[in-house]
Amino acid sequence: MEKEIFKYDNVTTRNFLVATVVWGLIAFLVGLTAAIQLFYPDLNLDLPWLTFGRLRALHTNGAIFAFVGNAIFAGVYHSMQRLLKTRMASDVLSKIHFIGWQLIIVSAVITLPMGFTSSKEYAELEWPIDIAIALVWVIFGINMFWTILKRRERHLYVAIWFYIATFVTVAVLHIVNNIELPVSAFKSYSVFAGVQDALVQWWYGHNAVAFFLTTPVLGLMYYFLPKAAERPVYSYRLSIIHFWALIFIYIWAGPHHLLYTALPDWAQSLGTVFSIMLIFPSWGGMINGLLTLRGAWDRVRDSAVLKFFVVAISAYGMATLEGPLLSLKNLNAIAHYTDWIPAHVHIGTLGWNGFLIFGMIYWLLPRLYQTSLYSEKLANWHFFIGTLGIVFWALPMYVAGFTQSMMWKQFNPDGSLLYGNFLETVTQIIPMYMLRAFGGLLYLVGATLLVINVVRTIKSGSLLRNEEASAPALAKRYQKEKGEYWHRWIERRPVTLLFWSTVVILIGGAVEIIPTMKIDANVPKLEAVKPYTPLELAGRDLYIREGCNACHSQMVRPFRSETARYGEYSKAGEFVYDHPFLWGSKRTGPDLHRVGGKYPDSWHYYHMKDPTIMSPGSIMPRYGWLLTNALDFESIPPKIEAMITLGVPYTAEEAEHADAIALEQAQKIAENLNKDENIEVLPEDEIVALIAYLQRLGTDIKTVE
Amino acid sequence: MLKFIKHSMLSMDSVEFYPMVALLLFGSFFLGWLVYSIMMPKADAEAFSRIPLDVTEPKDQSHE
């Protein structure tokens with residue numbers, strides 16, 4: 001058959017690749033800054049936008065969506081054209097996709113430090129940006145499917161399946177988890193509340209790991225590993241089973257983030273069971289990756305690219321064994337809320353994502369620039385320093401997590417807590433925080449070597465903007481080959497593949513989320529639980545703005561060690577008016593669900609002014625600006641109205657006079673505070689609203705008792 | 001929490017039928033893909049796995 005001549009677009013790939021390197025460096029730097037703040041809080045220079053609560057979201061979003069995101073797109077744009085033997089369908093859409101994605105990242109860099117956040121982990125960006133993400137994602141999808149439809153290769157290689165599953169699942173997750181009611185240009189409330197919101201969030205959060213940090217990266221592995229090793233993937237059959245099993249099972253596993261919380265038990269159990277099953281498809285992928293190198297292991301010694309790939313795939317194997325184990329309730333009871341979880345996560349992100357991406361960059365860049373890598377030696381140095389960085393990052397955090405968890409649970413013979421002061425369990429692990437930051441520094445140094453290599457390689461070559469290739473066109477009508485097996489049916493039908501992968505990923509989410517929403521028995525109502533007062537609601541929004549939930553949970557688990565420390569364990573019915581939920585996932589500081597009434601108002605005032613006044617040695621930042629900033633009372637009535645729309649039972653009068661009601665409560669608190677001769681506070685100060693909220697936390701149940 | 005659901009479950013006729021069907025459906029999904037991949041002819045599997053390696057090499061290179 002006559003061959004058609006066409007050209008691959010290398011410019012878009014190059015653009016995404018450069019963006020990966022630039023944003024990666026920034027994300028690592030922000031991460032390092034946040035890590036240092038955990039033992040040297042003064043590093044925030046007392047500036048609101050540099051505090052840990054705000055920087056943490058910037059770091060996670062930067063690492064996930066800017067660093068890994070751009071790398072995925074670079075890899076997809078490069079591999080898809082070659083696997084389908086066609087140029088991307090539309091250069092214009094490619095351009096819009098690239099520019100749109102970078103603008104979204106820039107808007108995140110601006111808004112997150114400013115405190116515009118919805119508080120949901122990895123989905124912190126506010127509603128206008130959420131809409132932009134959805135639009136750009138759809139543009140990417142259109143470009144991808146259009147390209148698939150005009151392909152010259154009948155069979156869709158397994159990497160393409162992973163890209164398709166990624167596209168559809170991320171779209172579903174992003175849209176459902178970000179259904180929110182806007183109150184102003186940069187403020188919205190989740191339409192879900194409490195337990196439901198928690199379930200939707202962690203269905204999203206876990207599957208952001210699954211379908212943003214795993215499936216597309218597996219797609220990249222299935223393309224770039226065979227290319228770099230110059231041998232086909234170990235087992236194509238295994239890749240088929242592993243693909244379908246992975247996307248089917250992954251979507252169910254979200255509730256393992258909520259073990260021992262107020263989430264209904266049946267949902268927790270489902271999350272655990274499916275997490276355990278996940279070992280099989282995950283390891284299927286790992287084994288397929290590692291065995292692709294069979295007979296080529298000698299080349300690993302000489303090739304930095306293969307070294308990065310081997311460690312990446314090994315890290316994937318470790319993280320995907322550890323994840324299911326952490327989903328067992330007994331192990332989760334120890335690890336949850338501690339530094340063990342960030343350690344687990346960073347084996348995945350630094351090892352699996354980071355190293356696979358670095359390997360891909362080192363392999364791809366010289367080919368785009370028709371030259372050889374500036375320095376293989378430097379790449380090897382990057383590999384060794386980066387690997388040490390991962391070890392120094394993760395090991396101290398495992399020790400820290402285990403140590404702290406054990407300290408939380410230790411009792412004196414008389415039944416009281418051995419470490420009754422939470423701070424003792426924090427100061428104990430500060431040396432580990434220092435070692436972790438050193439690990440982060442090493443990783444950043446490694447990435448700097450990458451930058452040098454990238455810049456020098458680019459300078460030494462010239463970009464092959466349009467790479468000529470040829471392939472015969474596909475016959476308009478597909479003629480079945482004689483004796484062809486039925487399995488080819490789905491592998492040449494992208495739309496059918498899209499449909500069935502959508503069905504497969506929707507089942508798990510639907511089975512878990514719909515009953516939790518629809519069956520009242522899942523969230524038993526508590527008569528004593530009332531909506532927040534207008535001032536408390538305003539204070540809650542300050543709590544969200546400052547990212548307090550990055551370090552403080554609001555979920556007392558039903559353990560003796562927790563009820564002894566915090567009070568009555570948390571009930572599902574207590575959160576029915578929480579739009580969004582604020583359970584948190586990490587206790588760098590103590591749980592706050594029962595903090596209401598525990599300390600006088602003045603304690604909170606001093607603690608916010610400088611935490612070390614009340615808790616010497618505390619690593620919490622100072623929040624001086626809360627003492628001087630004026631609360632925007634005019635913004636309160638629309639917030640109450642939004643809450644009414646969401647079904648929170650405020651009266652019409654409360655909505656209409658919300659600002660006056662808030663001011664009245666603020667005056668009482670301010671009056672109480674001003675009794676202390678060292679305190680001078682106005683009712684309008686933000687600190688008053690925050691204190692109102694903190695003093696309310698968990699008290700509905702306390703009142704009953 | 002199961003106690004809230006258990007009651008309505010117990011009142012259903014032949015309720016044991018449903019988990020059995022669910023388990024069979026669940027198992028058959030994986031079994032189906034297993035059969036699918038085992039039945040794939042070796043030559044096809046090998047050909048597909050070589051797709052990334054069979055890239056047409058660039059002929060004419062237009063420089064920046």
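Start with chain B: buried residues make up 8% of its 64 residues. The model is a predicted one, so keep that in mind at every stop.

Stay on chain B and colour by secondary structure. Followed from the N terminus, the elements of chain B run α-α-α-β.

Next, select residues 215–229 of chain A, which form helix 7. This helix has 15 residues and reaches 21 Å from its first C-alpha to its last, close to the 21 Å expected at 1.5 Å a residue. A residue counts as buried when 20 or more other C-beta atoms lie within 10 Å of its own. Then move on to A:Glu230, which follows helix 7 of chain A and has a positive phi, near 55°.

For the last stop, select two helices of chain A together: helix 20 (residues 534–545) and helix 27 (residues 658–674). They pack with their axes 7 Å apart and at an angle of about 85°. Helix 20 of chain A is therefore roughly perpendicular to helix 27 of chain A.

To see where the two meet, show these side chains:

- from helix 20 of chain A, A:Pro534, A:Leu535 and A:Ala538;
- from helix 27 of chain A, A:Ala658, A:Ile661, A:Ala662, A:Gln665 and A:Ala666.

Which classes of residue make up the contact of helix 20 of chain A with helix 27 of chain A? Colouring by class shows seven nonpolar residues, one polar and no charged ones.

Notes:
Residues numbered from 1 in each chain as written. Chains lettered and ligands numbered in written order. Predicted model: local features only at pLDDT ≥ 70, side-chain atom pairs only at ≥ 80, totals over all residues. Axes fitted to C-alpha atoms, helices over the stretch in contact; angles between N-to-C directions. Helix = DSSP H or I, 4+ residues; strand = E, 2+ residues; numbered from the N terminus. Parallel < 35°, antiparallel > 145°, perpendicular 65-115°, else oblique. Contact = placed C-beta atoms within 7 Å. Nonpolar A, V, L, I, M, F, W, Y, C, P; charged D, E, K, R; others polar. Buried ≥ 20, exposed ≤ 12 C-beta atoms within 10 Å, placed from the backbone. Expected span 1.5 Å × (residues − 1).
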